[in-house]
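Hi everyone, thanks for making time today.

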Amino acid sequence: MSEIRKIAYKIITDRTVIRCWNPEDAPLLKSAIDDSLDHLRDWMPWAHQEPETVQAKAARLRTFRGKFDLDQDYVYGIFNREETRVIGGTGLHTRAGEDAREIGYWIHADYINQGLATEVAAALTKVAFEINRVKRVEIHCDPSNLRSARVPEKLGFVHEAVLRNRTETPDGQPRDTMLWTMLDDEYPLSKIKQLNLTALDALGENLF
């Protein structure tokens, strides 16, 4: 009998709840994105398709949840501790390959410069190594997005490369991408290892 894969459906940090999306989160997500469009459009190509209707958001969240349940990709919402407001989005993406995860993140305009992206990325790094048992975690960002680049730097990731013209800007121009990585043998020596958090599976059982 194959081993049942452990998946964190809900992660609780000091200031946030990071959990898989549900379709009923659509109004909160739409409000967060609509409030942050000027901030997001500089860096997120998907933001140029906004604003979407609540119905379109619900359909998108159904897709996210479906892929999550099927162990295909893990897209999370970032909520306040009361789960009454969306303060961003993140993910442990499988596009980095087998035995690897790529962390992406965006933060509501009202919550930037408060260290929340760092808090969230640290939590997901811990989950990736200790629960998902991956061998590598990556963070990619635009070299000109200095705020985003500070996140992996503060967490002890290694700036491995600048991938030239690997992606596109939101307006379709070629864009370089910074690649930051942490390996499984580096993780035990990082400060993330000591991070206290709660991670729950689909049944609400603690995974740590």
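Let's begin with Arg-101, whose bridge partner in strand E6 is Val-137. Please keep in mind as we go that this is a predicted model. That pairing belongs to a set of 4 bridges between E5 and E6, two strands that run parallel. How does the chain get from E5 to E6? It passes through helix H3, making a β-α-β crossover that is right-handed.

Now stay with Val-137 and look towards E8. Which residue in E8 is the bridge partner of Val-137? That's Met-182. Here E6 and E8 run antiparallel, with 6 bridges joining them.

Next, the inside of the protein. The largest nonpolar core has 43 residues, and the two that touch the most other members are Ile-11 and Tyr-76. Several elements each supply at least two residues of this core, including strand E2 (16-20), strand E3 (74-80), strand E4 (86-93) and helix H4 (146-155). Which element gives the most? It's H3, with 10 residues, and H3 is also the helix of our crossover.

Let's zoom out to the whole chain. The protein has 4 helices and 9 strands. Reading from the N terminus, their order is β-β-α-α-β-β-β-α-β-α-β-β-β. The radius of gyration is 16 Å, close to the 17 Å that the globule rule gives for 208 residues, so the protein is as compact as a globular protein of that length. Along the principal axes, the C-alpha trace spans about 45 × 40 × 35 Å.

A few totals before I hand over. Of the 208 residues, 49% count as buried. Taking contacts between residues at least 6 apart in sequence, 63% join residues that are at least 24 apart. And the accessible surface comes to about 10900 Å², with 48% of it belonging to carbon and sulfur atoms.

Conventions: Residues numbered from 1 in each chain as written. Predicted model: local features only at pLDDT ≥ 70, side-chain atom pairs only at ≥ 80, totals over all residues. Heavy atoms only, no water. Core = buried A, V, L, I, M, F, W, Y, C linked by side-chain atoms within 4.5 Å. Buried < 20%, exposed > 50% of the residue type's maximum accessible area, 1.4 Å probe, protein only. Pairing = 2+ DSSP bridges. Right-handed = clockwise from strand over helix to strand, strands pointing away. Rg over C-alpha atoms; globule rule 2.2 N^0.38 Å. Contact = heavy atoms within 4.5 Å. Areas by Shrake-Rupley, 256 points an atom, 1.4 Å probe, with all protein chains shown as cover.
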